[in-house]
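The sequence and the structure are shown first.

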Amino acid sequence: QVQLVESGGGLVPVGDSLRLSCAIGGRISSSHTMAWFRQAPGKEREFVAVIRSGDSRAYYEDSVKGRFTISRDYAKTTVSLQMDRLKPEDTAVYYCAVHNSRLVLSALRFADHYDYWGQGTQVTVSS
């Protein structure tokens, strides 16, 4: 069984930065996909960023490109999300997710494809 625990959320002013971390407990496949999603009040969960094993690039939702960076350590124990130049519309609960294989590009953005989820961490950006 795989457990995911997010941390690093908080309340910050517009333009500030936060770094979210997701600690991965248990064993995941050497071929895997790791992602961040977010859910704002009254809205559906949406894709933010994803990185796959064996891939040299990451993929981002358009509104966070150039501001957010996803990364992971090679021991596969942590996936992080560096968030810079935060905006009020970034306010949401942020979730990390893992799929135990390398998803195809067309599937990366869909929450239904991910097997494991953390409990979420709140990010609030005040204007």
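## Basis of the report

This is a predicted model, in which local features need pLDDT of at least 70 and side-chain atom pairs count only at pLDDT 80 or more, while totals for chains, interfaces and linings use all residues. Residues are numbered from 1 along each chain as its sequence is written, and side-chain values use heavy atoms, with hydrogens and water left out.

## The chain as a whole

Along the principal axes, the C-alpha atoms fill a box of roughly 40 × 25 × 25 Å.

Of the 127 residues, 43% count as buried (under 20% relative accessible area; exposed is over 50%, partly exposed in between, with a 1.4 Å probe and protein chains only). Among contacts (heavy atoms within 4.5 Å) with a separation of 6 or more, 60% come from residues 24 or more positions apart. The chain exposes about 6400 Å², of which carbon and sulfur atoms supply 49%; accessible areas come from the Shrake-Rupley method with a 1.4 Å probe, and for residues only the protein chains shown count as cover.

## A four-stranded open sheet

Four strands form an open sheet with antiparallel pairing, in the order β1-β3-β8-β7. Two strands pair if DSSP finds at least two bridges between them. Strands β1 and β7 stand at the edges with a single partner strand each, so one side of each has no neighbour in the sheet.

Strand β1 (residues 3-7) is joined to β3 by five bridges. Here Gln3 has Gly25 as its bridge partner, and Val5 stands opposite Ala23. Six bridges link β3 to β8 (residues 78-83), where Ala23 stands opposite Thr78.

In a regular strand the side chains alternate between the two faces of the sheet.

## Nonpolar cores

A nonpolar core is a set of buried Ala, Val, Leu, Ile, Met, Phe, Trp, Tyr and Cys residues joined through side-chain atoms within 4.5 Å. In the largest, of 28 residues, Ile24, Trp36, Ile70, Leu81, Met83 and Tyr94 touch the most other members. At least two residues of this core come from each of β3, β4, β5, β6, β7, β8, β9 and β11. Another core lies apart from it and has ten residues, including Phe37, Phe47, Tyr59 and Tyr114.

## Two loop residues

Glu44 is placed in the loop between β4 (33-39) and β5 (46-52). With a relative accessible area of 73%, Glu44 is exposed. Leaving aside neighbours within four places in sequence, Glu44 is in contact with Arg38 and Gln39.

Arg85 belongs to the loop between β8 and β9. Its relative accessible area of 47% makes Arg85 partly exposed. Most residues other than glycine have a negative phi; in Arg85, phi is positive, near 50 degrees.
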